[in-house]
Amino acid sequence: MRKPLLLIIFIFSALFSYAQNFSNKGKEFWVAYGFHVRMAQSNGGGSNINAQNMVLYFATDEVTTITISIPSLGYSQTLTSPATPTVLTSAVIPKAIPQDARLTAESTSPEDKGIHIVADKPVVAYAHIYDGSVSGATILFPVNTLGKEYYSINYTARSNENNSNAWFYVIATDTGTTTVEITPSANTINMTANNTYTINMTQGQVFNVMGQLSGGGGSFYTGVDLTGSKIKSIASGTGACKRIAVFSGAGKMFISCDGSSSSSDNYMVQAFPKDAWGKKFLTVPTASLVNNFFRICVTNPLT
């Protein structure tokens, strides 16, 4: 499953660069340590809860200094990346107290866990969360390409492990107060579908939303699909609406041709802002078109 997901990521990133006349190279990024099933459950009842890791990767064509920080947790590390685009520089994100950056549950208030990346020259950045073969990755978008209105794109929540919730999270990336409206498309752990919730955040804070689980057993578990959930930055009494970053994913899920759940992976992808959407898209089918899945998100149901 990972190869098709990565194919989708890279195709989308190319289209985004074209549509906005921006590049996915940049000097500043925000991301968070999204939920992975291993944060809640061990594999086969063993002791490997929290066995997952999050790694950031950077590609550069100049010698570049990159600083990764979690400001509110007092965490910072600085890397020097070589002038070789084919050699990735990597950094592991902490997952233990007092610098635990993981998003392990639905937020009840904003969490001080935003991961800030600053480089002195443009870089291409990726995030990867994995435990063995249970692996998901996404390219990251620079702050200058971010927007103010997003829709989460998830997938049918089916997995061969329990505690595999669908999720999305939002990060406040600008200084001052960022006011965000969240309207989930399905019931979450603390939110009711189609109700709008208003959250006030400051730079670097994260609000994580996790869909409800709906049952199952053995090697087949289900939950709600959060596709279509709306996340929008709005103006507040203290100023205009501000830019935000939004990521969608799942703790673990499967996308299969026959509906079986013999293999599943965690899923994570940075969402595109509404103003980056277009009317024409290009994709390359793998093997045969019958084995490819496409999700199409619209704001106007008459589209």
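**Charged pairs and their surroundings**

Guide: D100 is buried, with a relative accessible area of 14%, where buried means under 20%, exposed over 50% and partly exposed in between, using a 1.4 Å probe and protein chains only. Its partner R102 is buried too, at a relative accessible area of 13%, and the side chains of the two residues meet in a salt bridge with 2.7 Å from N to O; the term stands for a side-chain nitrogen of Lys or Arg within 4 Å of a carboxyl oxygen of Asp or Glu.

Before we go on, please keep in mind that this is a predicted model, in which local features need a pLDDT of at least 70 and side-chain atom pairs count only at pLDDT 80 or more, while totals for chains, interfaces and linings use all residues. Residues are numbered from 1 along each chain as its sequence is written, and side-chain values use heavy atoms, with hydrogens and water left out.

The whole structure holds 11 salt bridges, and one of them joins R38 to E161, whose closest N and O atoms are 3.1 Å apart. Because R38 sits in the loop between strand 1 (26-31) and strand 2 (53-59), while E161 sits in the loop between strand 9 (157-159) and strand 10 (166-172), this pair ties together parts that are 123 residues apart in sequence; strands here are DSSP runs of E with at least two residues, numbered from the N terminus. Both R38 and E161 are buried.

E161 has a further partner in K252, with the closest N and O atoms 2.7 Å apart, and this pair links distant parts of the chain, since K252 lies in strand 17 (residues 244-253), 91 residues away from E161. K252 is buried, as E161 is, and salt bridges with shared partners join R38, D131, E161 and K252 into one network.

Leaving out residues up to four places away in sequence, L56 touches, among others, V31, I68, I93, I115 and I117, a contact being heavy atoms within 4.5 Å.

T64, in strand 3 (residues 64-70), is buried at a relative accessible area of 1%, and a polar atom of its side chain lies 2.7 Å from the backbone oxygen of E62. G176, in contrast, counts as partly exposed at 44% relative accessibility, and its place is in the loop between strand 10 and strand 11 (177-183).

Finally, a word on confidence: the chain averages a pLDDT of 89, and 89% of the residues score at least 70, where pLDDT is the predictor's confidence in each residue, from 0 to 100. Over residues 1-20, however, pLDDT stays under 50. Where pLDDT is low, the predicted coordinates should not be read in detail.

Conventions: Helix = DSSP H or I, 4+ residues; strand = E, 2+ residues; numbered from the N terminus. Polar contact = N/O pair within 3.5 Å; in protein donor to acceptor, adjacent residues only side chain to side chain.
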